[in-house]
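Reader: Could we go through this model together? I'd like to start with the sheet and then jump around a bit.

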Amino acid sequence: MHRGLFAPRTRRQVLFDVSAEVRAGECLAVIGASGSGKTTLTRIMLGLDTADSGEILYRGSAVERGSAGMRALRAESSIVFQDPYGSLDPRWTVERSVSEPLWLRRKALGYAFDEVAGKTVQALARVGLDLRMFLNRYPCDLSGGQAQRVAIARAIVNEPKVILADEPMSAIDVAARVQILETLQSILAGEGVDGERPALIIVSHDLGVVRHVADRILVLNEGRAIETGPTERVLDAPESDYTRRLIEAASL
Ligand SMILES: Nc1ncnc2c1ncn2[C@@H]1O[C@H](COP(=O)(O)OP(=O)(O)OP(=O)(O)O)[C@@H](O)[C@H]1O
């Protein structure tokens, strides 16, 4: 997806010539110690931050300010954040939170009112939430796991082609993590726009989660790509000492 990226936001370089790509229907996990540049890299990949140099390509088009590639990526991508309560407006019901991305694009996409309602219900069903119980609840009436599933429903309601999940489970209790994991797996398996499965980029410290959901892993250390490869190869036979230490630390 992009090549030779350098850091945004500060004068201190935080990424050094990192290349990464993710394909439709695939899950790429970005792992590395705290501060290694995972969030910075993935935000650049989604066009949310700008790199000082390098190139981002989305479906072959350059993602630059004001470009068609940037517009397409913005319209066709979404994010799931670590803190579900922080990403849901506490004054809004579940129905309003999940349907809002549809209302924002209703005219552009030509949705009728009942289509918005139908897609909202569909998104909630895809994350396994019982509509009758949840449509009219507020975030404060939800458990952490339920709130994260609502946030995921909101992220998938427009059938994005690229989803970034940045530590989607670290604020969720262990019991509810399985549900979130299953939700992410079903999103990857399900068909999105034009029958094409979405690409998922996940940032996670939890290598158990990574093993279950990711097809490939990119390991970052101090802004450098240490290694990249299929999930099982990287986790079971890491090439670098850094990755080996990361795996050992995760299993403590
Ligand atoms: N807004 C900012 N201003 C200054 N420095 C920043 C900013 N955001 C990130 N950094 C720095 O960039 C580096 C990479 O940060 P980043 O958040 O991408 O790492 P990370 O691997 O996602 O870390 P974590 O796992 O702790 O979330 C860090 O050294 C961080 O201090």
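Author: Gladly, and a definition comes first: helices (H or I, at least four residues) and strands (E, at least two) are DSSP runs, numbered from the N terminus, and two strands pair if DSSP finds at least two bridges between them. This is a predicted model, in which local features need pLDDT of at least 70, side-chain atom pairs count only at pLDDT 80 or more, and totals for chains, interfaces and linings use all residues. Residues are numbered from 1 along each chain as its sequence is written.

Reader: Okay, how confident was the predictor, for the chain and for the complex?

Author: The chain has an average pLDDT (the predictor's confidence in each residue, from 0 to 100) of 90, and 94% of the residues score at least 70. For the complex, the predictor gives an ipTM of 0.92 and a pTM of 0.90.

Reader: Now the sheet: what is the strand order?

Author: Six strands form an open sheet in the order 6-7-8-3-9-10, and the pairing is mixed. Its edge strands, each pairing on one side only, are strand 6 (77-80) and strand 10 (224-230). On average, neighbouring strands of this sheet are turned by 15 degrees against each other, direction ignored; the axes here are lines fitted to C-alpha atoms, for helices over the stretch in contact, and angles run from 0 to 180 degrees between N-to-C directions.

Reader: Do strands 3 and 9 run parallel or antiparallel?

Author: Strand 3 and strand 9 run parallel and are joined by four bridges, with Leu 28 standing opposite Arg 216 in strand 9. Strand 9 (residues 216-221) and strand 10, by contrast, run antiparallel and are joined by six bridges.

Reader: Which residues does Ala 29 touch, leaving aside its neighbours within four places in sequence?

Author: Ala 29 is in contact (C-beta atoms, placed from the backbone, within 7 Å) with Ile 202, Ser 204, Val 210, Ala 214 and Ile 217. The C-alpha atoms of Ala 29 and Asp 215 are separated by 7.8 Å, although these residues are 186 residues apart along the chain.

Reader: Last topic: what surrounds the ligand?

Author: There are 11 residues around the ligand, the closest being Val 14, Ser 34, Lys 38, Thr 39 and Thr 40; a residue is near a molecule or strand if its C-beta atom, placed from the backbone, lies within 6 Å of it.

Methods:
Contact = placed C-beta atoms within 7 Å.
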